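Here is a short briefing to read with the model open beside you.

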Amino acid sequence: MSAMSTPKDVFAEVYTRFESPVSRYDCGRKCAPHNGGTPVCCSTEHAVPIVDVSEWELLRSRSDLWRPYVATDAEGRKIVADLHPDSCAVECKGAAFCERDNRSIACRAFPFAPYLTRRREFIGLTVYWEFEDRCWVINNLQVVDVVFLRECFAAYETIFGYDREELQTFVDYSATMRRVFTRTGRRIPLLDRHGALFAVEPRTHLIRPAALGEFPRFGPYKDETPALADPDRTALAAD
């Protein structure tokens, strides 16, 4: 294990401070009907959780919910082959057996990922765009709870303070996202810790305030009526 990895006890502390749901809506009920009856983030057919080795040690010391992920297809084998030595792929027993206190950081944060600028500044949360055709939350950013955002920010800030390789992972992810979105002529959605929505212009790197209508909706959510925002969101964002 790298000397720069986040210690097991730090992950335990992060867990106690990152417990809020992404929204007041049960998003799993929103997306499951479109994903074979299972929430998109709760099945390795869609998303494989990647955890730090010390986080894996913590999870298996707390519960039998988790086990090492076993790839069953070429895509899964590639995920395993590309893992950093300090990381591992895991899977749980499934949504019906979820233990909220024993979710991984990847589970708690989904579908969001830290966005870092070229200067390696962690300025907001963007989405894992690969899931935009399956994830209800990505298509309804207005429902994201501000308390969730603050807790997610704090969790990653803590982890980045210990693990520079994890920070580099998201530096690279953000750079990849800018390249992909430049090619497709799209703006990158970005939420700050207060719930404000921004757009990243990937070609110029300009970051500016944005409106929901600037971001397309995808898959089965394209023609759905957008969900109502949390009525407390404006008050929370103003403090």
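Helices H1 and H3 are roughly perpendicular to each other, because angles of 65 to 115 degrees count as such and theirs is about 65°. Please keep in mind that this is a predicted model.

**Helix packing**
- H1 covers residues 8-17 and H3 covers residues 53-62, and their axes lie 8 Å apart.
- The crossing of H1 past H3 is right-handed.
- On the H1 side, the contact is made by Lys8, Phe11, Ala12 and Tyr15, while H3 contributes Ser54, Glu55, Glu57, Leu58, Leu59, Ser61 and Arg62.
- By class, the residues of this contact between H1 and H3 are five nonpolar, four charged and two polar.

**The largest pocket**
- Its volume is about 1400 Å³.
- The lining of the largest pocket has 46 residues, and those closest to its centre are Val48, Pro49, Ile50, Ile79 and Tyr128.
- Elements that each supply at least two lining residues include strand E1 (50-52), helix H4 (74-81) and helix H6 (146-162).
- H7 gives the most to this lining, with five residues.
- The lining of the largest pocket divides into 23 nonpolar, 14 charged and nine polar residues.

**The second largest pocket**
- This pocket has a volume of about 690 Å³.
- It is lined by 35 residues, with Pro39, Cys41, Cys42, Arg100 and Cys107 the closest to its centre.
- Helix H2 (27-31), E3 and H5 each supply at least two residues of the lining, and H2 gives the most, with three.
- Here the lining has 23 nonpolar, six polar and six charged residues.

Conventions:
Residues numbered from 1 in each chain as written. Predicted model: local features only at pLDDT ≥ 70, side-chain atom pairs only at ≥ 80, totals over all residues. Heavy atoms only, no water. Axes fitted to C-alpha atoms, helices over the stretch in contact; angles between N-to-C directions. Helix = DSSP H or I, 4+ residues; strand = E, 2+ residues; numbered from the N terminus. Parallel < 35°, antiparallel > 145°, perpendicular 65-115°, else oblique. Left-handed = near helix turned anticlockwise from the far one by under 90°. Contact = heavy atoms within 4.5 Å. Nonpolar A, V, L, I, M, F, W, Y, C, P; charged D, E, K, R; others polar. 1 Å grid on protein atoms, 1.4 Å probe; cavity = no way out; pocket = protein on both sides within 12 Å on 5 of 7 lines; lining within 4 Å. Points joined across faces, edges and corners; volume = space filled by probe spheres on them.
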